[in-house]
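User: I'd like to learn how to read a few features of a protein model. Could you walk me through them?

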Amino acid sequence: YTLANILRAEFLIKMNAALGANEECVIGLAGDQGDTLDNITYNAWFKIIGAATPTVVAETDDNTTDTDDKATGIALGTSTHKRLIIDFTEGVKTVGAPGQSKAQCPQFYMIDSQGVLQRVAVGTLFDMSGAASTQGLQPFIQLQKASGTGVPSISVREVKIEYKEAA
């Protein structure tokens, strides 16, 4: 999918066990796969950082602006599936440089503990204007660990990409 044509990416996932301190998982869209997540230069994703209490953050990278580890304020438990949404249709509501398209400023949403869809990382402008509108992004889920004997796992119930047909 090209950046200009992606409208929305949705993922319905469940962590089967809490991630350990040396484990992390990303769920979203990326240009290429890479073993070092921070070296993937085109992405819009949620990252779960393992610890005693795993942290869920939102990130984007357009090979110019790298917006890392922006808190969502919502935890992922291990008992139920959670919906994660990256929306490219809303764009910048109140802040943004003139000329930025909606696709250049994705917004992130998660289901909270009450089952309500909430926009997360609201105070962050996820600026992807450094990427060409023809930049390809693909659904991307990667679970990894640096070391240890833990066996992290994730259940993926649904991946849905909404896009507009190229003219």
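User: Which residue in β8 is the bridge partner of F108?

Analyst: V120 is the bridge partner of F108 in β8. Before we go on, a word on the source: this is a predicted model, in which local features need pLDDT of at least 70 and side-chain atom pairs count only at pLDDT 80 or more, while totals for chains, interfaces and linings use all residues. Residues are numbered from 1 along each chain as its sequence is written, and side-chain values use heavy atoms, with hydrogens and water left out.

User: Thanks! How many bridges join β7 to β8, and how do the strands run?

Analyst: The general idea comes in two parts. Strands (E, at least two residues) are DSSP runs, numbered from the N terminus, and two strands pair if DSSP finds at least two bridges between them. Here, four bridges join β7 to strand β8 (residues 117-120), and the two run antiparallel. They form a hairpin with five residues between them, and G115 in that turn has a positive phi of about 85°. Strand β6 (residues 82-87) is also joined to β7 by four bridges, again antiparallel. There, I86 stands opposite F108.

User: Is β7 mostly covered or mostly open, and which way do its residues point?

Analyst: For this we use relative accessible area: buried is under 20%, exposed is over 50%, and partly exposed is in between, with a 1.4 Å probe and protein chains only. By that rule β7 is mostly covered, with five of its five residues buried. Q107, Y109 and I111 point one way from the strand, F108 and M110 the other way. F108 itself has a relative accessibility of 0%.

User: How many aromatic pairs does a search of the whole structure find?

Analyst: A pair of aromatic rings is described by the distance of the centres and the angle of the planes. The cut-offs are these: rings of Phe, Tyr and Trp (its six-membered ring) pair if their centres lie within 6.5 Å, and planes under 30 degrees apart count as stacked, over 60 as edge-to-face and the rest as tilted. The search finds four such pairs. In one of them, the ring centres of F46 and F108 are 5.2 Å apart with the planes at 90°, so this pair is edge-to-face. Because F46 lies in strand β3 (residues 42-49) and F108 in strand β7 (residues 107-111), the pair ties together parts that are 62 residues apart in sequence.

User: What else can you tell me about F46 and its surroundings?

Analyst: F46 is buried too, at a relative accessible area of 0%. Together with F108 and F126, F46 forms one aromatic cluster.

User: Let's turn to charges. How many salt bridges are there, and with which residue does E10 pair at 3.0 Å?

Analyst: A salt bridge is a side-chain nitrogen of Lys or Arg within 4 Å of a carboxyl oxygen of Asp or Glu. The count comes to nine. E10 pairs with R83, the closest N and O atoms being 3.0 Å apart. That links distant parts of the chain, since E10 sits in strand β1 (residues 6-15) and R83 in strand β6, 73 residues apart. E10 is buried at 7% relative accessibility, whereas R83 is partly exposed at 22%.

User: Which residues belong to the network around them?

Analyst: R83 also forms a salt bridge with E158, with 2.7 Å between the closest N and O atoms. E158 is in strand β10, 75 residues from R83, and is partly exposed at 28%. Salt bridges that share partners join R8, E10, R83, D87, E158, K160 and E162 into one network.
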